[in-house]
Amino acid sequence: MLIEHLTRQLREREAAGLIRQRRVLHTPCGPKASVSTGEAAPRSLLAFCSNDYLGMASHPAVVEALAEGARRHGAGSGASHLVSGHGLAHEQLEQALADWVGSAFPECRVLGFSSGFQANLALLTALGDESATLFTDKLNHASLIDGALLARAQVQRYPHARIDRLEALLSASASPLKLIVTDAVFSMDGDLVPLDEILALAERFDAWLVVDDAHGLGVLGPQGQGSAAHFGLHSERLILMGTLGKAVGVSGAFVAAHPTVIEWLMQTARAYIYTTAASPAVAEATRASVQLLRGPEGDTRRETLRAHIRHFREGVQALVRRHAPLGWSLMPSETAIQPLVIGENAAALALSQSLLEQGLWVPAIRPPTVPAGTARLRFTLSAAHEPQDIDRLLSVLESQARGWQAAGAAPSARP
Ligand SMILES: *Cc1c(COP(=O)(O)O)cnc(C)c1O
């Protein structure tokens, strides 16, 4: 019964163009990838799909810190943090992170997690008790949506980035504990929400602001301190979740907040308490990466990424204008996440497949990850790219656009 039930549903997904595929990567994370699908022999691709925005995942100093960390501390932590798994490496990482992002808080303490998904579940379930109301952006990351579902709090959702609608909800709420929950940089659109305006609302309505900075940390703000620092925020009301597997290039996550909030998480968050602490070697690698990102090397990498973003946007905007009948549109993002909206699922998939045949790895993002009718190619840029990589991408896209337009096909009419 179960197998038939699942098979039927998988077939429905397949018919709707929603089946996802894993590809096996044979090379370290970086723009030059060797990749296979199933039995096929690996092929070389130029990748525009990782969140390693600053090229730290394969940085020799970070790799060395991981190896050295394993030699010093061993491979595994052996237990949860509250039993015996919390090592010196974890402790020092938490301090380094508090030092990095602390300027946004009058008093700051950090708690480390093994993943951002886990940190968001921990945060929202521990803070969102029966007395609380969560005010959440409709396009928030899946982990914030699931965290809100698991919490016992009431949940009120507002349309993406509609500060006016958030304000209306807050002003109508009599909840004794109000928590605004938002991504800083939205992962499928690449836009940065005005955290300064949202914090002002939090202050006006006696609410707290939970910010998921998965895509801003390392990239935005002085020393890569992230989106809160980019806006110059400074508030006791801020609760920040940062991930360490994206621009920081390793893995894991953390929550930074007032020390009492952190103490409460440590005492009560089940997703923190009942799980094995990450490898101490990973904590050492993360600390090495953070140290580099705070310094001149981080500044250079951030500047390189910004130059790639300008280069890409100028090229694609001109291309979209030249081929206006195709109806493609580049979303207004100033971050490393650059979505090109194509429209129908089949068209986005076909374009992604054509690029793959030309040696470019760019994922198509389809519903339910994004709203129906806005299937897109999601390019992510990295400081590890070379300017020539962007040129190659632009020239392949141009030849695709020409072919599609010459065929007179609306993109949705393509197989
Ligand atoms: C990636 C991501 C997460 C999850 O972080 P992991 O460390 O990968 O589990 C959470 N929130 C946002 C916005 C993300 O992009």
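**View 1. The residue that follows helix α2.** Helix α2 is followed by G74, which has a positive phi, near 90°. The structure shown here is a predicted model. Helix α2 itself covers residues 60–73, a run of 14 residues. From its first C-alpha to its last it reaches 20 Å, close to the 20 Å expected at 1.5 Å a residue.

View 2. Three residues of α2 are buried, namely V62, A65 and G69. They cover an arc of only 50° around the axis, so they lie on the same side of α2. What covers the buried residues of α2 includes helix α12, residues 280–294. The face of α2 turned away from its buried side carries the exposed residues P60 and R71.

View 3. E64, E68 and R71 are linked to one another in a network of salt bridges. R71 is also one of the exposed residues on the face of α2 turned away from its buried side. The count of salt bridges in the model comes to 18.

**View 4. The salt bridge between R376 and D189.** The closest N and O atoms of this pair are 2.7 Å apart.

**View 5. The salt bridge between D164 and R162.** In this pair, the closest N and O atoms are 2.9 Å apart. D164 has a relative accessibility of 41% and counts as partly exposed. R162, with a relative accessibility of 36%, also counts as partly exposed. Partly exposed is the class between buried, under 20% relative accessible area, and exposed, over 50%.

**View 6. The salt bridge between R310 and E303.** Here the closest N and O atoms are 3.5 Å apart. The relative accessible area of R310 is 44%, and this residue is partly exposed. E303 counts as partly exposed too, at 36% relative accessibility.

Methods: Residues are numbered from 1 along each chain as its sequence is written. This is a predicted model: local features need pLDDT of at least 70, side-chain atom pairs count only at pLDDT 80 or more; totals for chains, interfaces and linings use all residues. Side-chain values use heavy atoms; hydrogens and water are left out. Helices (H or I, at least four residues) and strands (E, at least two) are DSSP runs, numbered from the N terminus. The expected span of a helix is 1.5 Å times one less than its number of residues. Buried means under 20% relative accessible area, exposed over 50%, partly exposed in between (1.4 Å probe, protein chains only). The arc is that of the directions from the helix axis to the C-beta atoms. Contact means heavy atoms within 4.5 Å. A salt bridge is a side-chain nitrogen of Lys or Arg within 4 Å of a carboxyl oxygen of Asp or Glu.
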